[in-house]
Amino acid sequence: PHLTINLPSVWYYAHMGWGNFDTAGVGMLGIPGVHIGKTSHVSWGITMSLTDLGDLFVLVPDSNNEDTHYMHNGQSVAYEYRQETIDVRWKSSYDLQVRESVYGPVATAALNLPKELHIAVWAQPLREDRTSVSSIVNFMDDNITTVTEFRDKVFGNMRSPGFSIPLADVHGNIGYCITGAHVVRSKGHTGAFPTLGNGSFDRLDDIPYK
């Protein structure tokens, strides 16, 4: 894995079984389950894929309402606001007002940039995701016995994060997959630098999982 060896370790050994299902391996402290290991049929490893699942967009303020609106596809769009409360041990909680755009939260202050810049973060882990958890639940299906089935039914619908996963099964097959919903960018948008967020370089579609 991408994580270094530490003392105390972030990993714990786990062995779980119910009915005909049996799995063993290691999990991360605080997160139930086996994250790297094997079932009776398939084994797998996990490390980060280091693939690109995020972008920075420079928003264009509406000149008539610069603090509350921005321009997108020629229209003035109002920011949405939500309140986040961060609990801090032995200290007072911290209240944070998050300003949301069509691309994601505005993170100018978090990035230590001049307040005149309005930088929105588009990141797959921050998007609504209704498929990843249900996909992981398929891990407990004892009828999944091959690399191909495990790849497609367990990891195929994981929209985030980006993992690099080698696989092997008891039939002698080996396989590999990368998780995460990787997108097709507009022409002229490489993803290497912050990009104009006025609608000209909106993402086009997800790269199909194969």
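Predicted model: local features only at pLDDT ≥ 70, side-chain atom pairs only at ≥ 80, totals over all residues.

Which residue in E14 is the bridge partner of Ile165? The partner of Ile165 in that strand is Cys177.

**Strand E13 and its partners**

- E13 pairs with strand E14 (residues 174–178) in the antiparallel sense, and 5 bridges connect the two.
- E13 and E14 form a hairpin in which 4 residues lie between the strands.
- Within the turn of that hairpin, Gly172 has a positive phi of about 95°.
- Strand E4 (residues 42–44) also pairs with E13 in the antiparallel sense, over 3 bridges; here Ser43 stands opposite Ala168.
- Strand E5 (residues 47–48) is a further antiparallel partner of E13, with 2 bridges, and Met48 has Phe163 of E13 as its bridge partner.

**The open sheet E12-E6-E16**

- An open sheet of 3 strands has the order E12-E6-E16, and its pairing is mixed.
- The edge strands are E12 (119–123) and E16 (195–196), each of which pairs on one side only.
- Strand E6 (residues 54–58) runs parallel to E16 and is joined to that strand by 2 bridges.
- Thr195 in E16 is the bridge partner of Phe57.

**Nonpolar cores**

- The largest nonpolar core comprises 18 residues.
- The residues with the most contacts inside this core are Trp44, Phe150, Phe155, Ile165 and Leu167.
- At least two residues of this core are supplied by each of E4, helix H2 (147–155) and E13.
- H2 provides the largest share of the core, namely 4 residues.
- A second, separate core has 9 residues, among them Phe57, Leu59, Val106 and Ala120.

**Links between pairing and cores**

- Ile165 has a bridge partner in E14, Cys177, and is also listed among the residues with the most contacts inside the largest core.
- Phe57, whose bridge partner in E16 is Thr195, is included in the second core.

Technical notes: Residues numbered from 1 in each chain as written. Heavy atoms only, no water. Pairing = 2+ DSSP bridges. Core = buried A, V, L, I, M, F, W, Y, C linked by side-chain atoms within 4.5 Å. Buried < 20%, exposed > 50% of the residue type's maximum accessible area, 1.4 Å probe, protein only.
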